[in-house]
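Here is a short report on one structure. Have a look at it before reading on.

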Amino acid sequence: MFPIDRPRRLRTSETMRRLVRETILSANDFIYPLFVCEGENIKNPVSSMPGVFQMSIDNIVKECEEVKALGIPGVILFGIPAYKDEMGSEAYNEHGIIQKAVKAIKENVKDLLVITDVCMCEYTDHGHCGVIKNGEVDNDETLRYLALETLTHVKAGADIVAPSDMMDGRVEVMREILDEHGYHNVPIMSYSVKYCSAFYGPFREAAESTPKFGDRKTYQMDPANRTEGLKEAALDIQEGADIIMVKPALPYLDIISDLKQNFDRPVAAYHVSGEYAMVMAADKLGWMDGHRAMMEALTSIKRAGADIIITYYAKEAAKALGK
Ligand code: PBG
């Protein structure tokens, strides 16, 4: 007896495989993260993320031109401020590093979406994502500063704001302050389901944002929880989120799939620094074909349900895919 159904028939050539391919990646799917620092003509390599740099604004603008030419629709900016203090005051300084970078990009590069990460951890001297009161990260006090940070980013020209702090109620205060100032049309892409993850390690080197004491377990989610992801996303949508995000991506494909199936909002996935570093390291050691692993990872994230993928591989993948 021979099998009647032979799935191999549809795998006989690349042309045949192309015909029945279910998931097609495109440069349109990507957002490229950038780390902005003070100074001029600076391009400091991040050792745990080969190919990623801390760059001053002049170099960031050049980089944005390249990103746009590759057909990638947007960048997300992270700031390394001139100085840090207890209250993270550079986060909401009108002349802060992000505010200046957004202005420069908007003035020089047309038709590229500039997204800003809204959080306190890059700006506080203690490295936590909010302000500290009585020894802990105070939720409601932090909301006031996040709202101010949001407004300064949007006044500078940010096209989308992306809160990554994981305070309760932040989407609501952000929507409120934006609407009060006439920015009804600026979307919020919320890091809705953000886990307390070891995979952020290399990012903290890039953004110089490792917490000086304790950890982020009282605000970022427990990796063991799945239903809680649905709750976080539902709350953010209720508060006004336009795009909901899962972070990290590859270890949380179940959550990406849950959000895609349960909500009518575009789903973003953040393929984070550790996911990138892991593949780069294995490739360097000759243990894996890094390029193939990258394309497979990105395809899997899209297959799970992500409409948008934030990835340090955006440029390399866009080059491979063509426009
Ligand atoms: C800021 C923030 C982090 C990342 C994005 N925004 C770090 C963190 O929460 O510790 C991580 C991104 C990455 O690892 O690539 N809160």
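The report covers an annotated site and then some backbone details.

## About the model

This is a predicted model: local features need pLDDT of at least 70, side-chain atom pairs count only at pLDDT 80 or more, and totals for chains, interfaces and linings use all residues. Residues are numbered from 1 along each chain as its sequence is written.

## The annotated site

An unreviewed UniProt entry lists Ser273 and Tyr312 under "binding site". They span 40 residues in sequence, yet no two of their C-alpha atoms are more than 7.4 Å apart, so they gather at one spot. UniProt positions follow the numbering used here, feature names are shortened, and annotations may be inferred rather than shown by experiment.

Ser273 is found in helix α9 (residues 273–284). Helices (H or I, at least four residues) and strands (E, at least two) are DSSP runs, numbered from the N terminus. Tyr312 lies in the loop between β12 (308–311) and α11 (314–321).

## Surroundings of the site

Ser273 is buried, with 25 C-beta neighbours inside 10 Å. Tyr312 is buried too, with 26 other C-beta atoms within 10 Å. A residue is buried if 20 or more other C-beta atoms lie within 10 Å of its own, exposed if 12 or fewer, and partly exposed in between; C-beta atoms are placed from the backbone.

## Backbone details

Most residues other than glycine have a negative phi, and most peptide bonds are trans. The peptide bond from Lys247 to Pro248 is cis, with omega near -10°.

Asn134 is not a glycine, yet has a positive phi of about 50°. Asn134 is exposed, with 5 other C-beta atoms within 10 Å.
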